[in-house]
Amino acid sequence: MVCYSLVILSFLLHTKDQAGLHFSTSSTGLLIMDYEVRRERSDQPELQLQAMRGFLHRTGLTVDKLDHLNIIHVTGTKGKGSTCAFTERILRDYGFRTGFYSSPHLVQVRERIRINGQPISKELFTKYFWEVFAQLDDTKDSHGVSMPAYFSFLTILAFQVFLQERVDLAVIEVGIGGAYDCTNIIRKPWVCGISSLGIDHTSILGDTIEEIAWQKAGIFKPGVPVFTVKQPDRPMTVLQGRAKEIGCPLWVCPDLEQYESGAGHLSLGLAGQQQRCNASLALQLSKTWLQRYRQSDDQLAAPVVENRLVSQATAFKPSPIMVKGLEATEWPGRTQTLRHGPVTYYLDGAHTTGSMQACVHWFSQEIQQEESSNRGPVIRVLLFNTTGERDSAAMLKLLEPCQFDFAVFCPNITETITENNADQQNFNVSVENMLTRCLDNQISWQSLSGTETKQGSESELLIKDRLPLLAKTRTNTLVFPCILSALQWISQGRDTVLATAGCPYLPVQPSVMAKAEPLREAAQVSVLVTGSLHLVGGALKYLDPSLAS
C-alpha cells in the first residue's frame, strides 16, 4: 500500500489558514487513511474507466457535463506536454479562457491544473479539493468502494475546477497510454492529437511499439478528427487500423517548414529541433478547434472519413496570433536554459532513449554556441537520475559523447529534511532503493567513460539530524543524497540565485570539496540536468524560486 495523500495533505496543512479553512486531527487522519490506495495499475485496466464513472457520479459530475468543456485531448510518448502548451497558448492569445490539465508537476501539485496558463491559486485548490473530497467521502460506504487513487482524484478535481470556473475550453494531457487512462472518460472531445510515439511504461502499455500505439489510439472517438505527427511505419499502421475501426478521420501533420513558406520563419518559445513537430501538431489542433467554435451546432457536419486510411493535413499560413502564440509559449523543464552568472543550467526532463537523443542534440548545439563565445576554461557537468523501469544505461550511453568533466548522480529528493519536499516525494520507492539506483548509474557511467574505481575512495556523508544517506565519490563521478546538496556542490557558491535562496547549506566531506577546484576556477560551468522530470522539478525548486512561490 502506498499513501498518495501526503503530497496534497502537506499542501493543505500549509494553506488552510490562508484559505480560512480548518480541519481537525481526526479528519487529517481520515485523509491519510482513505488515500492509502494501490497504484493505479491493474490486471484489468478497463475497470479503471468504469470506476472513474462511479467517482464522477459521486461528485455530481457526469460524462454529459464534461462535453461542455470543449476538450482537446492529447496523448503520445514524447512531446505531448509541449504540444498542449503550444495549443493552450495559441488559443489563450485568441482571447479564450483556457483550462490546461497536465502531469507530472515540477514543483507544486497546483501546476497540474491551470487556468489561462497559470496554476490555480492555493485558495482555489483548497476550496475545490475539500468540495470533491467531501462528496467522495460522504458516499464511499453506500457505494461499497473507497476513494479514487492520486491521479484519478486530481483528474476529477481538474474537471470540477474547469466546469465551475467556466473555461471556454480544456486542453487535457493523457497521463499514461490512452485507452484506459482515467482522462479517457471524456466522451466527446472536439479534436484529438498524438505526439511522437516510442517505448515507455512497458509494464502497463506493452513491450512493443505496436502495443503502445494501440493504447494511445484508445482516445479516438467516432467522428472526432485526430491529428498525429509523422510516425514510423509500424505504429502508423496501428493508428490507421484503429481510426478505421472506430470511425474517425486521421490526419498526419506537415513539417513546420511547409507553414513557413507562407508566413516566414516561425520562432518557437521552446528550444530544440523536436519541438517543430509539436508546434505543427499544435497548429492543426488549434485551427480545428477554432473552426468548430466558429460554427453553430446546426451548421456542423459530421467529419467525413476518407477512403484512404490516413490523410495528409494541409499546411496553412498561420495567423499573426498563432505566430505570436508559438513564440510566447513557455513550458518549464523542457529544453530550458537558465543562466545564473558563470553557471548555466540546461534542463530537460528526457526519460526515454528517444527523448534523450533529442536532448543530446539540443544540448550539443547550445553548448557549442555558449563555449564559442567564452575565452576561459569551461567545465561540463551532468546531473542525472532516472526512475521506474527506464533503461538508465542506454540513456547514459547516449550522453557519454557530450564529454562531461563531472557526472553527478542523486535521487529525486530535494532535501534530506523530508517535510520540506512533500510535493515532490515518491512514496512508492524507498530511499535505499533510490540511492542504490544512483550507485548503479555511477557504475554504468564509469564503464562507459573508462574511469577506473579507486580502492578506498568511498566516503560516508552523514548530515546531522537528517536522513543518514551514503555519498560515494569516484574520480570524476559523485553520488549525493539529495538534489540540493548536488546543486550546492556543483555551483560552489557561484550561483547567486541558489546562494541567496535561503536554503540550508549541506556540508560534505573535505575530500569531496577538494574535487570541486575546477568548478571554482572555471570561467563557465555548464550543467545538464536530465533523465527525469522529477529531478528537473526538484532542481527548479531552487533555481527558479518563482515556481515555488
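Guide: Happy to! One term before we start: two residues are in contact here if they have heavy atoms within 4.5 Å of each other. Also keep in mind that this is a predicted model.

Visitor: Good. With that in hand, which residues is Leu347 in contact with, leaving aside its neighbours within four places in sequence?

Guide: The list is Gly333, Arg334, Thr335, Gln336, Leu338, Trp362, Val529, Val536, Ala539, Leu540 and Leu543. Leu347 is also one of the residues with the most contacts inside the largest nonpolar core, together with Val381, Phe480, Leu487 and Trp489.

Visitor: How many residues does that largest nonpolar core have?

Guide: It has 40 residues. The largest share, 7 residues, comes from H21. Apart from this core lies another one of 36 residues, among them Ile113, Phe129, Val132 and Val161.

Visitor: Let me zoom out. How many helices and strands are there in the protein?

Guide: There are 21 helices and 17 strands. Of the 549 residues in the protein, 55% are buried. Taking contacts with a separation of 6 or more, 79% are between residues 24 or more positions apart.

Visitor: On to the sheets, then. What is the strand order in the open sheet of 9 strands?

Guide: The order is E6-E5-E4-E7-E3-E8-E9-E10-E11, and the pairing is mixed. E6 (118–119) and E11 (311–312) stand at the edges with a single partner strand each, so one side of each has no neighbour in the sheet.

Visitor: And E3, what does it pair with?

Guide: E3 runs parallel to E7 (residues 169–173), joined by 4 bridges, and Ile72 stands opposite Val171 there. E3 also pairs with E8 (residues 191–194) in the parallel sense, again over 4 bridges. In E8, Ile194 is the bridge partner of Thr75.

Visitor: Why is E3 largely enclosed by the rest of the structure?

Guide: Because 5 of the 5 residues in E3 (residues 71–75) are buried. Ile71, His73 and Thr75 point one way, Ile72 and Val74 point the other way, and all are buried.

Visitor: Which helix lies across E4, E5 and E7?

Guide: That's H7 (residues 150–164), running at about 15° to E5. Helix H10 (residues 233–246) packs on the sheet too, touching E8, E9 and E10, and its direction makes about 150° with that of E10.

Visitor: What about the sheet with 6 strands, what's its order?

Guide: It reads E12-E13-E17-E14-E15-E16, an open sheet with mixed pairing. Neighbouring strands in it are turned by 20° against each other on average, direction ignored. E14 and E17 run parallel and are joined by 7 bridges, with Ile379 having Val525 as its bridge partner in E17. Helix H15 (residues 392–399) packs on this sheet, touching E14, E15 and E17, at about 165° to the direction of E14.

Visitor: Changing topic: how many disulfides does the structure hold?

Guide: It holds 0. For Cys402, the nearest cysteine sulfur is that of Cys359, 7.7 Å away. Cys410 is in no disulfide either, and its nearest cysteine sulfur, that of Cys438, is 6.2 Å away.

Visitor: Are those two cysteines, Cys402 and Cys410, buried or exposed?

Guide: Cys402 is buried, with a relative accessible area of 4%. Cys410 counts as buried as well, at 0% relative accessibility.

Visitor: Last one: how far does helix H6 reach from its first C-alpha to its last?

Guide: H6 (residues 122–139) reaches 26 Å over 18 residues, close to the 26 Å expected at 1.5 Å a residue. Its buried residues include Phe125, Phe129, Trp130, Val132 and Phe133.

Key. Residues are numbered from 1 along each chain as its sequence is written. This is a predicted model: local features need pLDDT of at least 70, side-chain atom pairs count only at pLDDT 80 or more; totals for chains, interfaces and linings use all residues. Side-chain values use heavy atoms; hydrogens and water are left out. A nonpolar core is a set of buried Ala, Val, Leu, Ile, Met, Phe, Trp, Tyr and Cys residues joined through side-chain atoms within 4.5 Å. Buried means under 20% relative accessible area, exposed over 50%, partly exposed in between (1.4 Å probe, protein chains only). Helices (H or I, at least four residues) and strands (E, at least two) are DSSP runs, numbered from the N terminus. Two strands pair if DSSP finds at least two bridges between them. Axes are lines fitted to C-alpha atoms, for helices over the stretch in contact, and angles run from 0 to 180 degrees between N-to-C directions. The expected span of a helix is 1.5 Å times one less than its number of residues. A disulfide is a pair of cysteine sulfur atoms within 2.5 Å.
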